[in-house]
Amino acid sequence: MALMVPSVLALLLIPAVFPLHPPLHVKMHSYNMGAILQWDAPLHRKSSLTYTAMFKMHGKNTTEHVVCQSIKEHQCDFGQLPSYHGCYTCSVRTEQGGIMSKWETIDFTIDRMTVIGPPSVTLKSQGGAIEVNIQDPVLKISSLREVYTKVSYHIRYWSKEHPEDGHNIPTMSQYHHLRPLVPNTEYCIKVQVFVHDYNIKGQDSNATCEMSSVTDAEHKWSGKLVAGLVVVSVAAPLLLLVLWSSYKGRRFLNPREPLPERFKQHPLDCPAAPPPPLEKFDLVCGLCEEPRYHALTHPRGSEESPAVEDGGFSGEMSGYYNIIGRLVFEGSYQNTTIGI
């Protein structure tokens, strides 16, 4: 009974010493090594309440760091804490007109309780594979590799046509090649950071999609195939032209219809051309009279004339020559052609 009296007195004195109620639901929100203390207003809230928040580290250095003082918001951003290792005690209280509530405190270990955000992911399609480039999330204190000793990545990828057929790949490297893949297919990828030190799973990155390409060998074969098609497209018409020309030449030299016999004969075997028609001439004889005939046959200066043995024939020929002489030398047949 004697022990109960001090307890009852303490309960009676608390409202007098701390007339304000402290904040409710105090919690620490940490994202990528940041620290934001959050709380709710007390149940019996009064107007014009303010809050003050502070933190201190466990250990030898117990200095209290007041970060937010007499604020009306229900949260306080502690910013960059002194160290990413160790435990912190975070406190907040209610204030009004110089009256203060008791401190409401929580303990917080930043490297174990922080939430690791998603990494940044870039994709590049090359040689039939997709190259995944992973960049660690940016922390408010130091870097991911300095805070934690062992970090890996969980890669999940799937084809956009069949999202239910996903594949998971754990890797320690920030550069990874996904293969084998179906050529000319769009794949989507998500990456998550995993901290082995405290089994912390980070947030998934946004789905990033990339179209897969053909392999280097397939690319070379496709190039050769295109070159072959170009050569065939050029050579085929030329070959057809040569064949057609050869066929036409053969048809010309060896026609289906036989040549007429007259075309097959040798030029020397051809019949001779008929002789030109004979021109018709009238036979005309001309006789000159003796003096003129004598002048023609015995020109002047000759010493003697041939002797005529038959005197009777000379008389007859003399008359005959006279007749012919008139016809020839007097111009009766000047326009008459004489054929011999």
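Strand S10 (residues 129–135) pairs with S13 in the antiparallel sense, over four bridges. The two belong to an open sheet of three antiparallel strands, ordered S9-S10-S13. This is a predicted model.

- From one strand to the next, the twist averages 25°.
- Strands of a sheet pair through backbone hydrogen bonds, and the pairing may be parallel or antiparallel.

**The sheet S1-S2-S5**

- Another open sheet has three strands in the order S1-S2-S5, with antiparallel pairing.
- Strand S1 (24–29) and strand S5 (75–77) are the edge strands here, each pairing on one side only.
- The twist from one strand to the next averages 10° in this sheet.
- Strand S2 (residues 36–40) runs antiparallel to S5, and three bridges join them.
- Ile 36 has Asp 77 in S5 as its bridge partner.

**The hairpin of S11 and S12**

- S11 and S12 form a hairpin, with two residues between them.
- The two strands run antiparallel and are joined by six bridges, S12 covering residues 162–171.
- His 162, in S12, is the bridge partner of Ser 159.

**Ser 152**

- Ser 152 lies in strand S11, which covers residues 151–159.
- Its relative accessibility is 4%, so Ser 152 counts as buried.
- The side chain of Ser 152 makes a polar contact with the side chain of His 196, at 2.7 Å.
- Apart from neighbours within four places in sequence, Ser 152 is in contact with Thr 171, Met 172, Gln 192, Val 193, Phe 194 and His 196.

**The disulfide of Cys 68 and Cys 76**

- The structure holds two disulfides.
- One of them is formed by Cys 68 and Cys 76, whose sulfur atoms are 1.9 Å apart.
- This link of Cys 68 and Cys 76 is right-handed, with 85° about the S-S bond.
- Cys 68 has a relative accessibility of 13% and therefore counts as buried.
- Cys 76 is buried as well, with a relative accessible area of 1%.

**The disulfide of Cys 188 and Cys 209**

- Another disulfide joins Cys 188 to Cys 209, with an S to S distance of 2.0 Å.
- The torsion about the S-S bond of Cys 188 and Cys 209 is about 95°, so this disulfide is right-handed.
- Because Cys 188 lies in strand S14 (residues 186–195) and Cys 209 in strand S16 (residues 208–211), the pair ties together parts that are 21 residues apart in sequence.
- Cys 188 is buried, with a relative accessible area of 5%, whereas Cys 209 counts as partly exposed at 29% relative accessibility.
- When the bonded cysteines of the protein are numbered in sequence order, the pairing is 1-2, 3-4.

**Cys 87 and Cys 90**

- The closest cysteine sulfur to that of Cys 87 is in Cys 90, 8.4 Å away, which is too far for a bond.
- For Cys 90, the closest cysteine sulfur is in turn that of Cys 87, and the distance of 8.4 Å is again too far for a bond.
- A disulfide requires sulfur atoms within 2.5 Å.
- Cys 87 counts as partly exposed, because its relative accessibility is 22%.
- Cys 90 is buried, with a relative accessible area of 1%.

Conventions. Residues are numbered from 1 along each chain as its sequence is written. This is a predicted model: local features need pLDDT of at least 70, side-chain atom pairs count only at pLDDT 80 or more; totals for chains, interfaces and linings use all residues. Side-chain values use heavy atoms; hydrogens and water are left out. Buried means under 20% relative accessible area, exposed over 50%, partly exposed in between (1.4 Å probe, protein chains only). A polar contact is a pair of N or O atoms within 3.5 Å; within protein, one must be able to donate a hydrogen and the other to accept it, and residues adjacent in sequence count only if both atoms are side-chain atoms. Contact means heavy atoms within 4.5 Å. Two strands pair if DSSP finds at least two bridges between them. Axes are lines fitted to C-alpha atoms, for helices over the stretch in contact, and angles run from 0 to 180 degrees between N-to-C directions.
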